[in-house]
Protein chains: 2
Amino acid sequence: MDQGVVQFTDIGFGDPLRLRSGASFGPYHLRVETYGTLNAAKSNAVLVCHALNASHHVAGHYADDPKNIGWWDNMVGPGKPVDTNRFFVIGVNNLGSCFGSTGPASINPATGRPWGRDFPVVTVEDWVQAQARLADHFGIDRFAAVMGGSLGGMQALSWAIQYPERVGHCVVVASTPKLSAQNIAFNDVARQAILTDPDFHGGDYYAHGVVPKRGLRVARMIGHITYLSGDDMAEKFGRQLKGDAPRFDFGTDFEVESYLRYQGDKFSSYFDANTYLLITKALDYFDPARDHGGDLAKALAPARAQFFLTSFTTDWRFSPERSREIVKALVANRHRVSYCEIDAPHGHDAFLLDDARYHAAVRAYFERIEV
Amino acid sequence: MDQGVVQFTDIGFGDPLRLRSGASFGPYHLRVETYGTLNAAKSNAVLVCHALNASHHVAGHYADDPKNIGWWDNMVGPGKPVDTNRFFVIGVNNLGSCFGSTGPASINPATGRPWGRDFPVVTVEDWVQAQARLADHFGIDRFAAVMGGSLGGMQALSWAIQYPERVGHCVVVASTPKLSAQNIAFNDVARQAILTDPDFHGGDYYAHGVVPKRGLRVARMIGHITYLSGDDMAEKFGRQLKGDAPRFDFGTDFEVESYLRYQGDKFSSYFDANTYLLITKALDYFDPARDHGGDLAKALAPARAQFFLTSFTTDWRFSPERSREIVKALVANRHRVSYCEIDAPHGHDAFLLDDARYHAAVRAYFERIEV
């Protein structure tokens, strides 16, 4: 049973946002969904931050689209680990995304045409700033918790640094304090596939009535490989052929090819290429220790939240080692932190899956959060 | 000091080769280089098989191109681990490659135009069959050793199975008995980047006066990530920026981006896209256990060679575990096998590098080969 019927709202912000790049951007709007009820003290709010291809649609379904279930519906809802009978949960689509908030496909009022390549490069810190304004809109001074997985976990971490007094608990799942050279390399190949697609047109493909589907498809296929563990791929697909024998051509020989091509085709039919570029760039840039000579403990010193981190053993994109770096930096600051390393076969994608031990740990953590 | 000045020769074969796909192909020629002197008994020959983007040019340099040093020159030469004062070493460019042997860019005599998409899909077994004919050409009944790294190691392994009486020693470096689902996935994304490049023209780009550079470039970038270890990338590039600060655009921010793009650009300027497709397919198909119900020991039962295997700890493309599978299957057959696992930081590419322990092990092994 999912959360039930939900609705989204667009919330406008008139004042420009001052971005890390030095640019200002605005007005803009953010698309938002909420679940549960904000209590009178406004002390039970939980902000859920999304990763690369997710959105404000965290849980439930729309009345007119019952199959479109929110991306973390197994985590958020009545009686679920993040229990909406107790908590008021906010899902927000980030600035620059393509699911309803202002992004590269939105109309630039100055030109009357889509922003395209003129949409500014945004960072995790910029998103957090925009989310803080959203909290102001709801009159929420302090979140009971800010949580997210992967890139969403970076936002939660950044919240604890940027707005120490406004975060009670910081829940960081399958994340990292910064991308490795290999992580950046994968992102850059994906970007190069998009940027060099002739249908990209320098980011102004909207005007040409095309989308750089080929590039987006390859980008997604690359990404998808990094979301799964090698073991999981071996288990799911192995060397299984689609047919009875090798084809000896360049059609679809192996099941794993069929799966990845399908994922690439699907993604390229709905995701905006400029958004893909922006979001991978935000991932690459995230590095809160950078302004502190690479010292993550110094970067986390201002935090006042209590922390809960989870990682998954077979996640080779953001391995447990990366979560442990955060834990060590928190411990060095004598911040309160709980850390849970789940032995799970599903690689990075495990954070989205319904693993009993993982969900039990998150449930137990949220049960002790006072509101 | 390299091997010195070398020359290549093209050797023609009139009879068609019967391929695994069922097709026949021929006449064709192979481009070959040799180093050292074949003894009167013709018992000191070593065949070196190449991997994806290498060739017959194993060692030395050409008189008119002194900077073009052979790809395994640190391994093969006078006084080197494979000592050409003792051994007669043959390097051969495989059928379907793009460095001088008959391949997709060669003229199809039936049409007067390049083979392009009509070039047959070849397998590791087909290459080995062609190499056996090459041995016949030299009057070599039995190789003192057949050796190779990565895809070259697959050929060495296949030699030991296909021609048990013709291989004295089988030297398999950084290889695997078959690709994993993840390996195939990376190959397929690379192929998709090429196949969907508008300049690919269904493989007949020669006729259009273009090459699918964009696709080849992305393919090579993907491949390159898998050749290096994460640690090696971290050590070499880390999160080092090219400039003083983030650019906030999609230019070259990080050193690792600059390196990968350079590698992609270079590769796409000389490598044939159809060859890339063919060779990755040969990698995907290799699975000698397949005809034996998945039992590698059964597949290796006919072998009569002595075996020497080497793997590298940080190689995540063909990890030590994959070499150990081969070792176990050999031991199950009571075949003679030596195995060496080198603790090296350089990932898959380590097999091409001048690591003292690795070279000492190969040297020691070759010193005890009687000729």
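Helices, of at least four residues, and strands, of at least two, are DSSP runs numbered from the N terminus. The model shown in these views is predicted.

View 1. In chain A, Pro27(A) sits in the loop that runs between β3 (24-25) and β4 (28-35). The peptide bond between Gly26(A) and Pro27(A) is cis, with omega at about 0°. In chain B, Gly26(B) and Pro27(B) are likewise joined by a cis peptide bond, omega being about 0°. Pro27(B) belongs to the loop between β3 (24-25) and β4 (28-35) of chain B.

**View 2. Interface of chain B and chain A.** The contact involves 55 residues of chain A and 56 residues of chain B. About 4600 Å² is buried between the two chains, and 69% of this is on carbon and sulfur atoms. On the side of chain B, the residues that lose the most area to chain A are Arg239(B), Phe248(B) and Phe250(B), which together make up 18% of what that side buries.

**View 3. Polar and charged pairs across the interface of chain B and chain A.** The interface holds 10 salt bridges. One of them links the side chains of Glu257(B) and Arg191(A), at 2.7 Å from N to O. There are 20 residue pairs in polar contact between chain B and chain A, both residues being at pLDDT 80 or more. Elements giving two or more residues to the side of chain B that touches chain A are α3 (181-195), α5 (213-227), α6 (230-236), α7 (255-270) and α8 (273-285) of chain B. Of these, α3(B) gives the most, with 11 residues. By class, this side of chain B has 31 nonpolar, 17 charged and eight polar residues.

View 4. Ser150(B), in the loop between β11 (143-149) and α2 (151-162) of chain B, has a positive phi near 60° although the residue is not glycine. Ser150(B) counts as buried because its relative accessible area is 5%, under the 20% cut-off. Ala174(B), also a residue other than glycine, has a positive phi near 50°. Ala174(B) lies in the loop between β12 (167-173) and α3 of chain B and is buried, its relative accessible area being 0%.

**View 5. Surroundings of Asp355(A).** Asp355(A) is placed in the loop between β14 (337-342) and α11 (356-367) of chain A. With a relative accessibility of 15%, Asp355(A) is buried. Its side chain reaches the backbone nitrogen of Arg357(A) at 3.0 Å. Leaving aside residues up to four places away in sequence, Asp355(A) touches Ile342(A) and Ala344(A).

Terms used:
Residues numbered from 1 in each chain as written. Chains lettered and ligands numbered in written order. Predicted model: local features only at pLDDT ≥ 70, side-chain atom pairs only at ≥ 80, totals over all residues. Heavy atoms only, no water. Buried < 20%, exposed > 50% of the residue type's maximum accessible area, 1.4 Å probe, protein only. Polar contact = N/O pair within 3.5 Å; in protein donor to acceptor, adjacent residues only side chain to side chain. Contact = heavy atoms within 4.5 Å. Buried area = accessible area lost by both parts, 1.4 Å probe. Salt bridge = Lys/Arg side-chain N within 4 Å of Asp/Glu carboxyl O. Nonpolar A, V, L, I, M, F, W, Y, C, P; charged D, E, K, R; others polar.
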